[in-house]
Structure formats: structure tokens, C-alpha cells
Amino acid sequence: MTKTNSIRIILVDDDKEVRSSVAAYLRTLNWEVKEFASAEMFLHAGSWDSPGCMVVDLTMPGMDGLQLQKVLRQRGCRLPIIFLSGTGTIPKVVQAMSAGAETFLEKPVDPNTLRESIVQAVAKSLSPTQKSREEDEIKKKFLLLTEREKEVALLVSQGVLNKNIADKLNVSLNTVKTHRSNCFAKLGVKTAVELTHLLMKLK
């Protein structure tokens, strides 16, 4: 995976030696890594806008990993979380996984296992982001349509024939064809099927 400004690995661990070691390893894989010595420091920074994942120590002074996970979910953060711990108990692991944790790895963590876990977590993080961006692009295109073109586009996507659209909107058949051609061009589609699939993504 190549390093990009849009993907970020957030590492939260109070153990400086472990944090530095894991961060150094992740940077050799060309990932951008942000380090935090506590959950409170991370929350103060508020650095969860970019896709990626979090690697969080389960047991920390003050706010622990489970509490951080709960706060993040309450704030709408959906970054996948990989928990690390050398003292994790079964109940805590179950609680973390039930709350949506990506996985749980025991310290000292195997580098290859950590790498594979991060790759999978980042992939999950990117999927909704890409979908959201695609929806935004479709919305922008849809806003380019006139009100009449929007009406025609929606009716075409429902399988209504041009003649019936003309009757429904009380306009001429040629007018419907013109609106249909315009909305196809603005939305970048060539067929009614493509238009239907496009508009379904907005629902």
C-alpha cells in the first residue's frame, strides 16, 4: 500500500516503547502514522477525518481503550479499531468485539499479523468513504438538472415511456425527448438502465 495523505493509521498507546516500535514498523510500510500517548490526547486532537484505522491499547491510565471506543462511536467516528493488549481479559475482549472492534491482538504483536489486520481494516474504512464520495458526485450532477429534467429523469428511471411521460407532464413528445437527452448528458449516462442504477445510489 502506498502512502497517501488520505489514509492515516492512528496509534494510541501509553507505553512509549511499544508505541514507538509499532509506529516505526508501520512507517516502513509507507503508512502515515499519528501517535498519541493517551485517549484524552487523541480526543483533544480530534484527528479522525481521514480514512484509515486505529490501533489502540486496551488498558491505559485514565480513559482506557473501551471507553475511547464508546466515545468515538457516540461522536460518529466509524474508523475501524484494532485493540492491542498484554493484559486483556476475555470479558474485555468480548466487550470490545461486540462494540464493533475490528480485531484484538495480544502484545507482543506479530508484525505480519498486525500488517494484515491493518490492511483489512483500511479496506473497510475506504469502502464507505468511496461510496459517500460517489454519492456526492451524483448529487452534484443531479443538481445541474432543471426541475422538468428531474421529473423526466425520475419517470424514465421508473420505466415510464416517453409518450406516457408527455401525457403525465402535459408537454409534447419532442419536449420530453429533449429533456431526456439533456438529463442523460448532464448525468453522464446513455441508457435508461444506467440512469436507473445511478438514481438508485441516491436512495
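Q: Where does N170 lie?
A: A residue is placed by the elements on either side of it. In this predicted model, N170 sits in the loop that links α7 (162-169) to α8 (173-187).

Q: What is the phi of N170, and is N170 buried or exposed?
A: Phi of N170 is near 60 degrees, which is a positive value in a residue other than glycine. As for cover, exposed means over 50% relative accessible area. N170 has 71%, so N170 counts as exposed.

Q: Which loop holds N30, and what is its phi?
A: N30 belongs to the loop between α1 (16-28) and β2 (32-36). The phi of N30 is near 70 degrees, again positive in a residue other than glycine.

Q: Why is N30 called partly exposed?
A: The partly exposed class runs between the buried limit of 20% and the exposed limit of 50%. N30 is called partly exposed because its relative accessible area is 44%.

Q: Which peptide bond is cis?
A: The angle to read is omega. For the bond from K107 to P108, omega is near -10 degrees, and this bond is cis. P108 itself is in the loop that runs between β5 (103-106) and α5 (111-143).

Q: How many disulfides does the structure hold?
A: The test is a distance between cysteine sulfur atoms, with a cut-off of 2.5 Å. The structure holds zero disulfides.

Q: Are C53 and C183 buried or exposed?
A: Buried means under 20% relative accessible area. C53 has 0% relative accessibility and therefore counts as buried. C183 has a relative accessible area of 0%, so C183 is buried as well.

Q: How many helices and strands does the protein chain have, and in what pattern do they follow along the sequence?
A: The count is nine helices and five strands. The order is read along the sequence, and here the pattern is β-α-β-α-β-α-β-α-β-α-α-α-α-α.

Q: What percentage of the residues counts as buried, and what is the accessible surface of the chain?
A: The protein chain has 203 residues, and 40% of these count as buried. Its accessible surface is about 11,400 Å², with 52% belonging to carbon and sulfur atoms.

Definitions and conventions. Residues numbered from 1 in each chain as written. Predicted model: local features only at pLDDT ≥ 70, side-chain atom pairs only at ≥ 80, totals over all residues. Heavy atoms only, no water. Helix = DSSP H or I, 4+ residues; strand = E, 2+ residues; numbered from the N terminus. Buried < 20%, exposed > 50% of the residue type's maximum accessible area, 1.4 Å probe, protein only. Areas by Shrake-Rupley, 256 points an atom, 1.4 Å probe, with all protein chains shown as cover.
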